[in-house]
Amino acid sequence: MWNPCERLSAVKNYFETVKWQPIIENVTDILKINTCIVDFQGVPIIIPPQNRYGWRFNPNLFDVRSNYAQIADDRFEFIDNFHLHYYAVPVKSLDNTIVGYIVLGPMILNKKLTMNEYQEISKKTSDSLEDISERIENTRVISQLSLEHILKMCIATIKLSQDRLTFTKQKPSEDKRTQTIFQSMLDLSLALASAESGSVMLFHPKTEELSVCVANGLNPQYINNRIKLDDGIAGIAFQENKTLLIEGRSESRLRNLLIRHEIKQSIVMPFKTPNSKTSGVLNINIMKTCESKDRLEDINGAIERITSNTLQVI
């Protein structure tokens, strides 16, 4: 059991070791939902700018232990007077002690209230109807399914940060380190894209082949299978050193290589570690939802930043 001074010291060390600012910025950019970090006592560490995506400073939003209801082992919920939802996901140290929370919000779950309903609430709370109207206008409306993807993304973000912290404290084998980092990178990328399957493929320069290192939502038989660079879309992306954004079968030059017809959109992204020691391809497959071209490009941009940041520790 930690005493209060030890816990505060551990919290300070955790948030100094793990560089959260770029992670939070990436998450916020892609979600269009405010994301902030608070410590276990409710002290804000990173907070969003006032008025962005419906955000208003409110101290009650930071004290998760007092003001949020626990709705699952890994999530807490706060609903304000205007039915705006906030969710908190615990951040834990390596010994499984909660050191803080990622807080997301506001967001509107499923649908907005009517303006008459907002007006009635504003009379009771003495809030300006003009102000609440502006907040509602700038707050994202999400479905229950989208919420699940968002919370999974937060959990994957935390896992990635924990991996980085682990590698500063321990010295795992190079293979174990690489596989762990690539799995976390894939988990976070899939969550960012609300995608159902994907993989990380590594390049073998001696044989000029790609093989699947880690995968989610794919048949296990694909793990460690090797393919020639000329045998698939991943090979084309790798050779051209260019990300391919694929929408169904619309890409004429790739049409003959699109063998999984259930995939609606794909992001096929080549990567290389800063020391050029390891290179490969990240594959993201979206099957259920279909994003606009602009939205797909936004998602790709966020994944590129996440991937670049992640590869720094390999």
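# Exercises on a predicted model

The accessible surface of the protein chain comes to about 15,700 Å², and 48% of that belongs to carbon and sulfur atoms. The model is a predicted one.

## Exercise 1: The chain as a whole

Task: State how many helices and strands the protein chain has, and what share of its residues is buried.

Solution. 
- Step 1. Take the elements. The protein chain holds 9 helices and 13 strands.
- Step 2. Take the burial. Of the 314 residues, 49% are buried.

## Exercise 2: Strand S1 and its partners

Task: Which strands does S1 pair with, and over how many bridges?

Solution. 
- Step 1. Start with S6. It runs antiparallel to S1, and 5 bridges join the two.
- Step 2. Go on to S2 (residues 44-46). It is antiparallel to S1 as well, with 2 bridges.
- Step 3. Follow isoleucine 37. Its bridge partner in S6 is isoleucine 102. In S2 the partner is isoleucine 46.
- Step 4. Check the burial. S1 (residues 35-39) is mostly covered, with 5 of its 5 residues buried.
- Step 5. Sort the side chains. In a regular strand they alternate between the two faces of the sheet. Here Thr35, Ile37 and Asp39 point one way from S1, while Cys36 and Val38 point the other way.
- Step 6. Inspect the hairpin. S1 and S2 have 4 residues between them, and glycine 42 takes a positive phi near 95 degrees.

## Exercise 3: The two sides of helix H5

Task: Which residues of H5 are buried, and which on the other side are exposed?

Solution. 
- Step 1. List the buried residues of H5 (residues 129-138). They are Ile132, Arg135 and Ile136.
- Step 2. Look down the axis. The buried residues of H5 fall within an arc of 95 degrees, so they line one face of the helix.
- Step 3. Turn to the other side. Glu130 and Glu137 are exposed there.
- Step 4. Find the cover. What lies over the buried residues of H5 includes S5 (85-92), S6 (98-109) and H4 (115-125).

## Exercise 4: Aromatic pairs

Task: Classify the pair of phenylalanine 78 and tyrosine 86, then that of phenylalanine 182 and phenylalanine 271.

Solution. 
- Step 1. A pair of aromatic rings is described by the distance of the centres and the angle of the planes.
- Step 2. Count. The whole structure has 7 aromatic pairs.
- Step 3. Take phenylalanine 78 and tyrosine 86. Their ring centres are 5.9 Å apart and the planes stand at 55 degrees, so the pair is tilted. Both phenylalanine 78 and tyrosine 86 are buried.
- Step 4. Take phenylalanine 182 and phenylalanine 271. This pair is tilted, at 5.5 Å centre to centre and 45 degrees between the planes.
- Step 5. Phenylalanine 182 is in H7 (residues 174-193) and phenylalanine 271 is in S12, 89 residues apart. Both are buried.
- Step 6. Trp55, Phe57 and Phe62 form one aromatic cluster.

## Exercise 5: Backbone exceptions

Solution. 
- Step 1. Recall the background. Most residues other than glycine have a negative phi, and most peptide bonds are trans.
- Step 2. Locate the cis bond. It joins glycine 105 and proline 106, with omega about 0 degrees. Proline 106 is found in S6.
- Step 3. Take asparagine 110. Its phi is positive, about 75 degrees. Asparagine 110 sits in the loop between S6 and H4.
- Step 4. Take serine 194. Its phi is positive too, about 50 degrees. Serine 194 sits in the loop between H7 and S8.
- Step 5. Judge the burial of serine 194. The cut-off for buried is under 20% relative accessible area. Serine 194 has 17% relative accessibility, so it counts as buried.

Definitions and conventions. Residues numbered from 1 in each chain as written. Predicted model: local features only at pLDDT ≥ 70, side-chain atom pairs only at ≥ 80, totals over all residues. Heavy atoms only, no water. Phe/Tyr/Trp six-rings, centres within 6.5 Å; stacked < 30°, edge-to-face > 60°. Buried < 20%, exposed > 50% of the residue type's maximum accessible area, 1.4 Å probe, protein only. Areas by Shrake-Rupley, 256 points an atom, 1.4 Å probe, with all protein chains shown as cover. Arc of directions from axis to C-beta. Contact = heavy atoms within 4.5 Å. Pairing = 2+ DSSP bridges.
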